[in-house]
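Please look over the sequence and the 3D structure shown here before reading the briefing below.

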Amino acid sequence: MAIVTCQNVTIGYDGHAVAEKLSFTVSDGDYLCIVGENGSGKSTLIKTLLRLQKPLDGKIEFGGGLGQNEIGYLPQQTEVQKDFPATVWEIVLSGCQSMCGIRPFYSRSEKDTAKKNIERMGISDLVKRCYRELSGGQQQRVLLARALCAANKLLLLDEPVSGLDPKAAADMYSLIKELNAEGITVIMISHDIAEAVKYATHILHLGKNQFFGTKEEYVNNGTGKYFITENGGEDCA
Ligand code: ADP
């Protein structure tokens, strides 16, 4: 069942297009990796899917009963965010904020949701720790737990392994794959095409050689072959 359908979508800012005529479908349980050169519009597309940004043209439809508040988002981390002065518990719980409405406190069930996702991410021993004292890999697990509190159906991840060492990056990739195997649909921006191809079911390549299809189609397609073999899996940003 399609949960996101984009038809001839043009994205950009102030009437200026950064990517044009994007057409793709994400079905329940898919793992879509968005790859492409720096500046090709990957983050802009994620912002557009989150409705933080209006498409300049085309149509985006959300199906499969996906409500406005059922999309979890893991943003790209900035240096300032890495220094955020809050505990792990406070950060994860803040993922439940959209469920509070005008209520100025968290309910028992929201606290239970936060606890469940903390356990799911294997960070129960860190709950009282200050976020800024954690390693990059631990911080990403905290942000993933937060995103899972906001939504359990669709996760949008903007370069979740950026800045992590190879071991922490591999752990993060397997964690995301496990969530996908549990039924969560994943849309992830990745800089590392070789890793993207390993885990994804579908690839959307933005830039000069725009492509959308299954990962098998991508590896056999000229664009996929070129980027995977010629660049050793790293995109040529
Ligand atoms: P990517 O994620 O593929 O690196 P982005 O989506 O971040 O690319 O950026 C695509 C283009 O849009 C870039 O040229 C960037 O400078 C521009 N851009 C990004 N954010 C804004 C903004 N808030 N206002 C205007 N232009 C922007």
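Is leucine 143 buried or exposed? Leucine 143 is buried, as its relative accessible area is 14%, where buried means under 20%, exposed over 50% and partly exposed in between, with a 1.4 Å probe and protein chains only. This is a predicted model, in which local features need pLDDT of at least 70 and side-chain atom pairs count only at pLDDT 80 or more, whereas totals for chains, interfaces and linings use all residues. Residues are numbered from 1 along each chain as its sequence is written, and side-chain values use heavy atoms, with hydrogens and water left out.

**Leucine 143**

- Leucine 143 belongs to helix H6, helices being DSSP runs of H or I with at least four residues and strands runs of E with at least two, numbered from the N terminus.
- Leaving aside neighbours within four places in sequence, leucine 143 is in contact (heavy atoms within 4.5 Å) with Leu74, Gln77, Ile91 and Tyr131.
- Tyrosine 73 is 70 residues from leucine 143 in sequence, and their C-alpha atoms are 8.8 Å apart in space.

**The sheet**

- An open sheet of mixed pairing is formed by six strands in the order S5-S6-S7-S3-S8-S9, two strands being paired if DSSP finds at least two bridges between them.
- Strands S5 (71-74) and S9 (211-214) are at the edges with a single partner strand each, so one side of each has no neighbour in the sheet.
- S5 and strand S6 (residues 154-158) run parallel and are joined by four bridges, with isoleucine 71 opposite leucine 154 in S6.
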